[in-house]
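Hi everyone, thanks for coming. Let's take a walk through one structure together, and please have it open on your screen.

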Amino acid sequence: MTQINPEQMINYDIGIGGMTCASCVSRVEKALQKVPGVTRATVNLATESARIDVQSEEVTDARLRRAVRDAGYEPRSPEAQSAVANASAWAGFGPVGWGLLLSAPLVLPMFGSLWGQHWMLPAWLQFALATPVQFVLGAHFYKAGWHALKALTGNMDLLVSLGTTAGWALSVWLWLTAPEGHSPHLYFEGSAVVITLVMLGKWLEVRAKRQTTEAIRALHALRPDQAHWVSDDGEVDVPVDEILLGDHIVVRPGERFPLDGQLVEGQTQVDESMLTGEPLPVSKTVGEKLTGGSINGDGRVLMRVTATGHETVLSQIIRMVEDAQTAKAPIQRLVDQVAEVFVPVVMVVALLTLGTWMFLGAGFETALIHAVAVLVIACPCALGLATPVAIMAGTGVAAKNGILIKDPQALEIAHQVNTVAFDKTGTLTVGQPRLTRSIAAPGEAAETALMWAASVQSGSEHPLARAVVHAAKTQNLQLLPPEDLIAVPGRGVQAHLAGRQLLLGSLRWLHQEGMDPGIWAAEVQELLATGATLSALAERNSDGVQGLLLMAFGDEPKPGAAQALAALRKRGLKLVMISGDNQAAAEVMARRLGLRPEDGEVLADVLPIDKAAQVQSLRSSGQVVAMVGDGVNDAPALAAADVGLAMGNGTDVAMHAAGITLMRGEVALVGAALDISARTVAKIRQNLFWAFAYNVAGVPLAALGYLNPVIAGAAMALSSVSVMANALLLKRWKP
């Protein structure tokens with residue numbers, strides 16, 4: 001049997017039907033966490049799903065689903081979960097419609113009395129109309145309430161079933177014990193209408209939930225089902241799931257690219273707006289990357305597949321958004337703790353209401369109606385929905401605009417950020433420096449020295465290395481394969497080439513290795529004054545380390561970066577640029593970006609391994625820090641910050657380390673990410689305020705006799721719907 005590494009975590013996602021409130025969430029989580037081998041279970045009421053982490057191969061999907069069923073809820077298959085998410089707008093309205101139809105005649109007398117009309121139905125007819133609503137349409141309330149009672153907990157269903165049953169039973173008792181010829185006041189309409197209104201409210205909730213998951217469904221819809229595979233026998237249409245790595249597929253004009261790949265034939269314009277939020281098409285030529293889900297322009301192209309299944313960019317984006325919408329924000333855990341004791345407290349209040357009114361001489365009938373109103377108006381559903389629906393709406397609309405929030409904690413903290421630290425190269429600048437000048441040492445041939453430098457760097461992906469290789473190729477220099485290549489992190493590389501031991505890296509490192517600091521002294525000062533980034537090629541021999549070639553590199557600010565930084569400054573944020581460049585070069589670029597070195601907004605000469613320490617230093621001074629970066633060397637700093645924002649045009653490592661990914665790699669999206677965080681947290685607070693305020697005000701009013709059960713039921717349904725509607729206002733957000 002295969003053993004699972006203790007460090008390895010297996011994740012299961014299970015759809016769950018039948019949950020109605022935050023108390024249900026708590027019960028399912030406890031049931032799942034009792035399964036041996038489960039380390040964490042997070043249940044989301046808004047998505048009606050659970051994310052379970054396990055560390056034992058003995059814990060199977062079937063075992064987890066059995067735990068959900070034993071808790072009294074329905075584990076849904078992926079197909080059933082998808083069917084629920086993609087159901088029509090009127091799906092599930094049938095029971096609600098029957099409830100409205102049967103309840104309407106019971107309510108008519110109430111309206112008739114407003115105009116002095118007495119339309120009271122005979123008791124037997126009221127009974128005949130109300131009983132199917134109570135025990136047929138309302139059967140699921142009894143079922144879920146019974147499971148909660150068996151687990152010694154409570155939920156919304158228990159409150160509704162107890163309250164409405166009490167009203168129905170009281171009506172039957174009054175009817176059967178009434179003297180001959182006397183028509184008692186019955187409460188059948190209250191019980192039937194409450195059940196109907198609660199069902200209507202839950203149906204409206206489900207409709208609203210579908211809107212919060214639109215972003216996920218839109219992303220799933222981006223991948224075509226078929227691909228034009230180029231086989232030995234020609235072009236064949238096959239399901240995308242059958243395509244393998246390295247396969248060649250044809251994409252015709254106007255079609256979506258089915259998978260990630262590399263363009264091997266043709267050229268085209270590609271619409272990547274659904275992935276990046278960028279409306280303008282991007283030109284693609286041979287050798288460039290293509291992303292599954294984007295739309296081919298006017299060219300018929302041939303691509304080689306480089307990623308399939310869960311490895312594609314689109315699948316990873318979908319996973320990020322799903323993770324964010326499934327996970328719990330820290331504030332939600334506090335709400336869950338409140339909701340866990342909410343139902344028992346409400347039941348105690350209802351019993352106290354019953355006893356107090358009877359003690360005051362109101363009679364059993366009046367006392368029971370007030371107690372029923374208390375049970376009916378209490379609404380743990382609004383508490384359970386307040387946070388997750390806001391997070392779903394916020395992360396969904398952010399994803400549509402090129403901002404992927406994979407961590408709800410990052411979403412919750414981002415609005416508190418008061419300091420934003422930026423990596424320089426590739427984040428604030430284009431990240432594609434050019435070799436602007438090369439100066440050979442006396443007695444050295446410039447072309448030969450450049451050929452050696454490019455040969456040493458030929459296998460590197462570092463931006464400066466690519467600039468050197470590009471410069472050598474433009475001069476048609478023939479490169480040699482380096483031997484014994486060793487990278488010195490944060491400093492440079494060393495290798496053997498044609499019998500010579502060469503070192504290439506920063507001047508500071510080469511001076512430490514023994515290179516004469518006096519060589520190129522004047523040139524170095526001149527180039528540093530212009531903001532150039534410098535490195536050099538040297539040779540280690542019996543005489544020490546001899547300089548061969550000084551190289552100067554220049555980069556350009558990203559378009560719109562200066563304006564984006566100015567906008568962040570207007571929001572009152574402190575800005576810091578962290579760079580490995582020397583102080584002079586970093587300050588020159590900083591001023592071009594509108595930063596103020598004199599105010600401490602530039603941290604230069606920072607080695608990659610020290611970036612995280614600089615971020616930690618900012619945090620230790622009391623700042624809430626967001627770190628923005630794009631490279632592998634930024635990953636520790638992104639993880640060390642309160643909130644990490646990775647540029648989507650950067651490395652996978654950076655994106656995994658960050659809580660938020662900016663798909664377009666534009667600095668302006670930093671402000672947009674902070675803005676959607678602030679708006680989402682505002683919605684969470686508004687929802688929680690109204691959910692708590694509603695219960696704090698409603699329960700006492702019902703206990704004091706100011707609300708009858710029908711009004712209480714309507715208010716209960718309205719509270720959940722209002723929370724959903726408030727969260728959905730986030731869908732109108734634009735960066």
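**Strands, rings and surface**

Let's start with strands E20 (residues 533-541) and E21 (residues 544-554), which run antiparallel and are joined by 9 bridges. One of the residues to look for is Ser535, whose bridge partner in E21 is Met551. Helices (H or I, at least four residues) and strands (E, at least two) are DSSP runs, numbered from the N terminus. Two strands count as paired if DSSP finds at least two bridges between them.

A quick word on where this comes from: it is a predicted model, where local features need pLDDT of at least 70 and side-chain atom pairs count only at pLDDT 80 or more, while totals for chains, interfaces and linings use all residues. Residues are numbered from 1 along each chain as its sequence is written, and side-chain values use heavy atoms, with hydrogens and water left out.

Now zoom out to the sheet. E20 and E21 belong to an open sheet of 6 strands, in the order E16-E21-E20-E19-E18-E17, with antiparallel pairing. Which strands stand at the edges? They are E16 (434-440) and E17 (483-488); each has a single partner strand, so one side of each is left without a neighbour in the sheet.

Next, the aromatic rings. The structure holds 7 aromatic pairs. Rings of Phe, Tyr and Trp (its six-membered ring) pair if their centres lie within 6.5 Å; planes under 30 degrees apart count as stacked, over 60 as edge-to-face and the rest as tilted. Phe127 and Trp175 make a tilted pair, 5.5 Å centre to centre with 40° between the planes. That pair links distant parts of the chain: Phe127 sits in helix H5 (residues 123-137) and Trp175 in helix H7 (residues 156-177), 48 residues apart. Phe127 is partly exposed, at 28% relative accessible area, and Trp175 is partly exposed too, at 27%. For those words, buried means under 20% relative accessible area, exposed over 50%, and partly exposed in between (1.4 Å probe, protein chains only).

Another pair is Phe689 with Trp690, edge-to-face at 5.1 Å centre to centre and 75° between the planes. Trp690 counts as exposed, with 57% relative accessibility. Back at Phe127, there is one aromatic cluster made of Phe127, Phe135, Tyr142, Trp168, Trp175 and Phe188.

Last stop, two loops. Leu704 lies in the loop between helix H25 (668-703) and helix H26 (709-728), and is exposed at 52%. Pro36 lies in the loop between helix H1 (22-33) and strand E2 (38-44), and is exposed at 65%.
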